[in-house]
Amino acid sequence: MLTVDEAAARLGVSAQEVRRLVRTGTLPAERIGRTLVLPDEAVDERARMPVGPGRLLAAPTAWATLWELSGERADWLDRSARSRVAARLRSSDAEQVVAAARERADRRELRALPAYRDRVSAVEGFVASGLSAADAVGADIVAAGAAVEGYCTEGTLERLRRDLGLSDRGEPNVVVRVPRFADLPLAGRQHMPVAVVAVDLAESSDVRTRRAGLDLLTAALVAFRG
């Protein structure tokens, strides 16, 4: 039997999501004293299911999914958790990967003065993604005139605000995403892994950009499955 926290870790979701699944009858559970427990078999069966459109992965698992799909090792997960990530990827499609990774980061749309806009990408700790990294990962989309996009920590974002005057006012020309996982290895990267770039593109409201992201994810899934 597993506790709620143990089941959440095995499924790669939050404890709150596990309790919701129990309330709706999706997962069986019982109380032993004051502790809610779930059968190992039921949790393992759920873990093997493909990620559906409504199922959100906890940030560390979402990032591990995108890292592993990109051919990079998610060292923050143990071997069994990485194995479950691989199993989900083998049974998920591009749309499901995008949906499951929605909680990976907080998105900020900001404005930089034209003279400072292109300097954002050169700041240490800012890692290009989305349209700013499309060419680097082979996405079939032209990024001319697009907003600068990338990931960084809250600390780097504050430095960008202070040194380059990024503001919440005006027409956005910089998109910053702050990961909801503090241990994500960003240091030394010029751009994010291919699956991260693809998901960022696939979340765009522009039809061509979204299609380029989904195509890139589909190719990554095919390559992952060998």
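Modeller: The model is predicted. Counting ring centres within 6.5 Å as pairs gives four aromatic pairs.

Biologist: What makes the pair of Trp67 and Trp76 edge-to-face?

Modeller: The ring centres of Trp67 and Trp76 are 5.8 Å apart, and the planes make an angle of 70°. Pairing needs centres within 6.5 Å, and edge-to-face needs planes over 60 degrees apart, so both conditions hold.

Biologist: Why is Trp67 called buried?

Modeller: Its relative accessible area is 2%. Buried means under 20%, so Trp67 qualifies.

Biologist: And why does Trp76 count as partly exposed?

Modeller: Trp76 has 23% relative accessibility.

Biologist: Why is the pair of Trp76 and Phe181 called tilted?

Modeller: Trp76 and Phe181 have their planes 50° apart, with 5.3 Å centre to centre. Stacked needs under 30 degrees and edge-to-face over 60, so tilted is what remains.

Biologist: What makes this pair a link between distant parts of the chain?

Modeller: Trp76 and Phe181 are 105 residues apart. Trp76 sits in the loop between H4 and H5, Phe181 in the loop between E7 and H10.

Biologist: Is Phe181 buried or exposed?

Modeller: Buried: 11% relative accessibility is under the 20% cut-off. Phe181 also belongs to one aromatic cluster with Trp63, Trp67, Trp76 and Tyr151.

Biologist: How do H4 and H10 meet?

Modeller: Their axes come within 7 Å and cross at roughly 115°. H4 contributes Trp63, Leu66, Trp67 and Leu69, and H10 contributes Ala195, Val196 and Val199. These residues divide into seven nonpolar, no polar and no charged.

Key. Residues numbered from 1 in each chain as written. Predicted model: local features only at pLDDT ≥ 70, side-chain atom pairs only at ≥ 80, totals over all residues. Heavy atoms only, no water. Phe/Tyr/Trp six-rings, centres within 6.5 Å; stacked < 30°, edge-to-face > 60°. Buried < 20%, exposed > 50% of the residue type's maximum accessible area, 1.4 Å probe, protein only. Helix = DSSP H or I, 4+ residues; strand = E, 2+ residues; numbered from the N terminus. Axes fitted to C-alpha atoms, helices over the stretch in contact; angles between N-to-C directions. Contact = heavy atoms within 4.5 Å. Nonpolar A, V, L, I, M, F, W, Y, C, P; charged D, E, K, R; others polar.
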